[in-house]
Amino acid sequence: MDKDRLRAGARGSAAIEPDMAMAVVDGLFDWLSGRLPGTIAAYLAMRDEVDVEPLFARLPGWRWVLPRLEADGSLTWRDRDVPRETHRFGMSQPVEQGPEVPVSQIDVFLVPGVAFDETGARLGRGGGYYDRVLAIRRKDSDAVGVTVENRIIESVPVHDHDQRVDWLATENGVKECSPRPGKEPA
């Protein structure tokens, strides 16, 4: 099945149950608690995504940054305390204020998706925004796909520009996918 058909089938996906979303957050909390604090690129959830904002208060020693979709189609990162606005695509994002946080300073990327597979292949919303960011991240950073088990499918079609996540976080915990070239397995 191609990506457009998979996305069409996922349109109108139900909101994730609060208990299930909290189980994902609990697993992420446990996983992140075993690491030294650093900078985490999170996101502000749309209705069909896992809301990771409860982690902000639970891990106050970490620096939390949020994506801003710029007019040129790039994602920039701003501190989470910057005021927010609603983008024309319907998601909340930081306003264009304060310094941008370079991708090179980010240690962990929490990445939403429409669907994932067990190898870390990700089906996004079709803009390639996260693929472009993940392609330039540091080799020692981690990308974590944040989803629920019923959105892990057998196979996500992968093209040359597509970037995989290193880990999948679901209500069953955080598990490693295949490690990236140049990175030691955990």
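This is a predicted model: local features need pLDDT of at least 70, side-chain atom pairs count only at pLDDT 80 or more; totals for chains, interfaces and linings use all residues.

Residues are numbered from 1 along each chain as its sequence is written, and side-chain values use heavy atoms, with hydrogens and water left out.

The overall picture comes first. The protein has four helices and 11 strands; these are DSSP runs numbered from the N terminus, H or I of at least four residues for helices and E of at least two for strands. Of its 186 residues, 49% count as buried. Buried means under 20% relative accessible area, exposed means over 50%, and partly exposed is in between, with a 1.4 Å probe and protein chains only. Contact means heavy atoms within 4.5 Å. Among contacts between residues at least 6 apart in sequence, 66% join residues at least 24 apart.

Now the core. A nonpolar core here is a set of buried Ala, Val, Leu, Ile, Met, Phe, Trp, Tyr and Cys residues joined through side-chain atoms within 4.5 Å. Which members of the largest one touch the most others? They are Trp-64, Trp-77, Phe-109 and Leu-110, out of 46 residues. Helix 2, residues 18-33, gives the most to this core, with six residues. A second, separate core has five residues, including Val-114, Ala-121, Leu-123 and Val-156. Beyond four places in sequence, the contacts of Trp-64 include Leu-32, Ile-40, Leu-55, Phe-56 and Leu-110, and also the charged residues Arg-78, Asp-79 and Arg-80.

Leu-28 sits in helix 2 and is buried, at 0% relative accessible area. Val-174 is in strand 11, residues 173-176, and counts as partly exposed because its relative accessibility is 22%. Besides Leu-28, Val-174 touches Gly-27, Trp-31, Trp-167, Leu-168 and Ala-169, again leaving aside neighbours within four places. Val-174 and Asp-30 are 144 residues apart in sequence, yet their C-alpha atoms are 8.8 Å apart.

Next, the pocket. On a 1 Å grid over the protein atoms alone, a pocket is an open set of points where a 1.4 Å probe fits, with protein on both sides within 12 Å along at least five of seven lines; lining residues have an atom within 4 Å of a point. The largest pocket holds about 560 Å³, the volume being the space filled by probe spheres set on the points, which are joined across faces, edges and corners. Of its 28 lining residues, Met-91, Arg-122, Arg-125, Tyr-129 and Tyr-130 are the closest to the centre. The lining divides into 12 nonpolar, eight polar and eight charged residues.

Last, two single residues. Gly-113 lies in the loop between strand 6 and strand 7 and is buried, at 14%.
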